[in-house]
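Have the model open as you read.

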Amino acid sequence: HIDIMLNEFRKLGTKVLGTASSLEEAILIERAGCDAVVAQGIEAGGQRSTFLSTDYSALQYGTSNFVLIPQISRKVRIPVIAAGGIMDGAGVGAAMLLGAQGIMMGTAFLASKESGACNEFKKQLTTKKPKPTVLTRVFTGRPVRTIPNEYVHHMRPYENDIPHFPVQHNINVSMMKEAELKEEIAGVRNIRVLYAGQGYSFCKEQKAQAIFDEVISDMLVIVGNSCSQASVHQDDLD
């Protein structure tokens with residue numbers, strides 16, 4: 001079934017990426033014939049890509065990109081794209097030095113002028129008192145990383161009893177629609193999922209182009225300095 005889908009994409013000239021949260025998943029993605037693998041560190045916001053394990057309690061202790069990127073890049077031949085916790089040029093430079101050929105950034109642009117996130121969400125992203133993000137199943141039935149709200153705190157004791165995706169997802173969508181119809185602003189606020197990576201405190205309310213330009217500029221400086229320092233150290237050894 002997957003082979004048929006991949007062949008259809010190739011006929012259209014479409015590149016196919018697979019997202020992995022572990023080395024084992026990355027190897028399977030390469031074997032399936034994907035063009036590149038996205039290494040999703042535990043820091044990443046939103047849905048977890050995990051597909052080999054259903055032991056969601058263990059996902060709280062997933063692998064960080066500092067370990068995951070070199071693990072995957074040394075074992076697969078297809079390009080590795082780093083995702084999760086990368087918010088600035090330093091993060092981009094570090095990921096590339098660890099073996100990534102590409103970078104995927106999402107949270108870094110959530111508070112940008114062009115972002116479709118609501119104003120209340122943007123305020124939480126740029127607050128001077130950020131809350132730690134959490135991994136939870138209460139919104140969709142699958143693990144997601146989000147900024148916690150009252151709904152998360154209320155449902156945390158029932159994590160193990162929550163139905164799997166898509167049942168829990170559909171339940172939450174229904175509750176959100178009902179709250180919106182009744183114009184229950186507090187209800188909407190408490191149910192809304194606030195997808196965000198662990199580094200969201202670095203979000204900036206700027207135009208997306210300005211954020212992008214700053215990331216690239218800082219990355220080039222950092223990578224250049226690292227190469228220069230490596231050259232100096234090599235000369236010392238020689």
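A39 has A82 of β4 as its bridge partner, and A82 in turn is partnered with I103 in β5. Strands count as paired here if DSSP finds at least two bridges between them; the strands themselves are DSSP runs (E, at least two residues), and helices are H or I runs of at least four, numbered from the N terminus.

This is a predicted model, where local features need pLDDT of at least 70, side-chain atom pairs count only at pLDDT 80 or more, and totals for chains, interfaces and linings use all residues. Residues are numbered from 1 along each chain as its sequence is written, and side-chain values use heavy atoms, leaving out hydrogens and water.

The strand pairings look like this:

| Strands | Sense | Bridges |
|---|---|---|
| β2 and β4 | parallel | four bridges |
| β4 and β5 (102-104) | parallel | three bridges |
| β3 and β7 (144-146) | antiparallel | two bridges |

In β4, V80 and A82 point one way and I81 and A83 the other, yet all are buried, meaning under 20% relative accessible area with a 1.4 Å probe, protein chains only. In a regular strand, side chains alternate between the two faces of the sheet.

Helix α3 (residues 65-73) also has buried residues: N65, L68, I69, P70 and I72. They pack against β1 (17-20), α2 (23-31), β2 (36-40), β4 (80-83) and α4 (89-97), with contact meaning heavy atoms within 4.5 Å.

Then there's an open, antiparallel sheet of three strands, ordered β3-β7-β6. Its edge strands, β3 (46-47) and β6 (134-136), each pair on one side only. G46 stands opposite R145 in β7.

Note on methods. Buried < 20%, exposed > 50% of the residue type's maximum accessible area, 1.4 Å probe, protein only.
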